[in-house]
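Subject: Structure for you to look at

Hi,

Here is the structure I promised to pass on. Have a look at it first, and then read my notes below.

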Amino acid sequence: MLLLGTLLPNAPDLPDAVVIGDDRLSREDLVGAATAVAERIRGAHTLAVLARPSIDTVLAVVGGLIAGVAVVPVPPDSGAKELEHILADSGAQAWLGPAPDEPMLPAIPVRRYARSWHSHPEPAPDSTALILYTSGTTGLPKGVPITRRAIAAGLDALADAWAWTSRDTLAHGLPLFHVHGLILGVLGPLRRGGALIHTVKPTPAGYAAAAEAGASMFFGVPTVWHRMASDPAAAQALSSARLLVSGSAPLPVPVFEQIRTHTGHEIVERYGMTETLITVSTRADGERRPGWVGLPVAGVETRLREADSDVPHDGESVGDLHVRGTMLSSGYLNRPDATAESWVGDGWFATGDVAVIGSDGMHRIVGRRATDLIKSGGYRIGAGEIETVLMAHSAVHEVAVVGVPDDDLGQRIVAYVVGDAVEDQVLIELVANELSHHKRPREIRFVESLPRNAMGKVQKKLLG
Ligand code: MLC
Ligand code: AMP
């Protein structure tokens, strides 16, 4: 199995393989420069990449894949606490490419103009390609090792669902440190042998320009589609596309409808997780039912469970969604406790999402079991990690962080604080600087006390 088999310059008539903002790389230059990166890092086991939306990031990731070195994509705005944790927990030996201001590790440069045409043997399918970090309800983010086999299976299942081929040019502007922007959004087009236009930020204007440049497929989180729906002129430019895809959080039905009005396209919605890649999707050749995320993709089985029994697939009964398939990771890095909680036996993974399944196999995600996992702008954020940072401030005596409904972000992070007088912005910046920008509360609400039950546990359902 060649993970990036189609990368090889066997189709010289194809245009640039990757365009990021104003920067571009032909297919041949991508192979030559990434192979030169691979030569330099051969023998390493794990390297960190500061995942800015840049050609350097693509070369570092592809170089790691060619050499069989596990790559840890790090959010470029990671604060000290998050950075220290990711580097130590992943066992990263060095930065590959640019390092942050406080690097903590040596850096190996990515030389954009170096070239090598050496042919490297394909690493073992079960070797780790990427370690992605994702939030849980408490504690710092957990590492999810993702194998080459999982990536290949996950991308091929999407190619089947979306009729995705080498003729497609994908456009998006999502961050390059998560499944959506990196695995689907960069490795997807490279595995298919197609092209990528990355717009740096996922703005309506950027997407409209990509459509004018000939992009055929567009990826966005619901916030991106919400902003696109509010900009009809930009949205209309996407009428020429073949497929619009939404994922990472629930797509509101009104947004689905507005995009249909402006573009003539019904958005394909798909559902996934860092731990599982994409497991359920509506199809290019099938029904796209607003509010529903579709059918299991090729190679995936799903079930609904409630207290160790199966829940009927009748379109109404609600249960815990479990998934299994080749694209699943097999556990968290260094976290046997958390692994045992979610990988529940026989290859099944308990997603933590609550769903219904129709008799026709269609899935609808109803919500998450835990209120302490927040989805804001498509980012998964643990209430606990934010509370820990805020509690470290001397003015904060008690704190409860919740996600409150927000038309644009899906959920907006709000911190309820009991404590001494302190500027909101001081607390917001503390989180932005210790963790990362997207984890910052958008609002601080000072209260006299937090609602607690008889056991003294904060009742978050009463907040927000
Ligand atoms: C940034 N800003 C700050 C700040 N940091 N202001 C004050 N204090 C700070 N510390 C400013 C920025 O400069 C910016 O201004 C403005 O706040 C908004 O910045 P933002 O927070 O970056 O953008 P926002 O508009 O809120 O983000 C929306 C978004 C983003 C959609 C662009 O949330 C996003 O990229 N989401 C994608 C998440 C994703 O890819 N998830 C996939 C997970 S994988 P200005 O002027 O510069 O705008 C997964 C699996 C699956 O879930 O199923 O896919
Ligand atoms: P992450 O690990 O960041 O990939 O987040 C995974 C979570 O995002 C899932 O457990 C869901 O709660 C949510 N999610 C992803 N896609 C969808 C979708 N289409 N609809 C609803 N929730 C989604």
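Let me start with Arg305, which, apart from neighbours within four places in sequence, is in contact (heavy atoms within 4.5 Å) with Asp310, Val311, Gly319, Asp320 and His322. Before I go on, the housekeeping: this is a predicted model, where local features need pLDDT of at least 70 and side-chain atom pairs count only at pLDDT 80 or more, while totals for chains, interfaces and linings use all residues. Residues are numbered from 1 along each chain as its sequence is written, chains are lettered from A and ligands numbered from 1 in the order in which they are written, and side-chain values use heavy atoms, with hydrogens and water left out.

Back to Arg305. This residue sits in strand β16 (residues 301-306); strands here are DSSP runs of E, at least two residues, and helices are runs of H or I, at least four, both numbered from the N terminus. Arg305 has a relative accessible area of 17% and is therefore buried (buried is under 20%, exposed over 50%, partly exposed in between, with a 1.4 Å probe and protein chains only). Its side chain makes a polar contact of 2.9 Å with the side chain of Asp310, and also reaches the backbone oxygen of Asp308 at 3.1 Å. A polar contact is a pair of N or O atoms within 3.5 Å; within protein, one must be able to donate a hydrogen and the other to accept it, and residues adjacent in sequence count only if both atoms are side-chain atoms.

Another arginine to look at is Arg270, in strand β13 (residues 268-273). Arg270 is buried but has no salt bridge, and the nearest side chain of opposite charge, Glu269, is 7.7 Å away. (A salt bridge is a side-chain nitrogen of Lys or Arg within 4 Å of a carboxyl oxygen of Asp or Glu; for charge, Lys and Arg are positive, Asp and Glu negative, and His and the chain ends are not counted.) What Arg270 does have is a side-chain polar contact with His180, at 3.4 Å. Beyond four places in sequence, its contacts include Trp162, Leu184, Val245 and Ile278.

Now the backbone. Most residues other than glycine have a negative phi. Ala163, however, has a positive phi of about 50°; this residue lies in the loop between α4 (148-162) and β9 (169-172) and is partly exposed at 42%. Asp346 also has a positive phi, near 55°. Asp346 is in the loop between β19 (343-345) and β20, and is exposed at 68% relative accessibility.

On a 1 Å grid over the protein atoms alone, a cavity is a set of points where a 1.4 Å probe fits but cannot get out, and a pocket is an open set with protein on both sides within 12 Å along at least five of seven lines; lining residues have an atom within 4 Å of a point. The second largest pocket holds about 510 Å³, and its 24 lining residues include Thr137, Lys142, Glu341, Ser342 and Arg368, which lie nearest its centre. Two or more lining residues come from each of α10 (336-342) and β20 (348-357).

Cheers

Conventions
Grid points are joined across faces, edges and corners, and a volume is the space filled by probe spheres set on the points.
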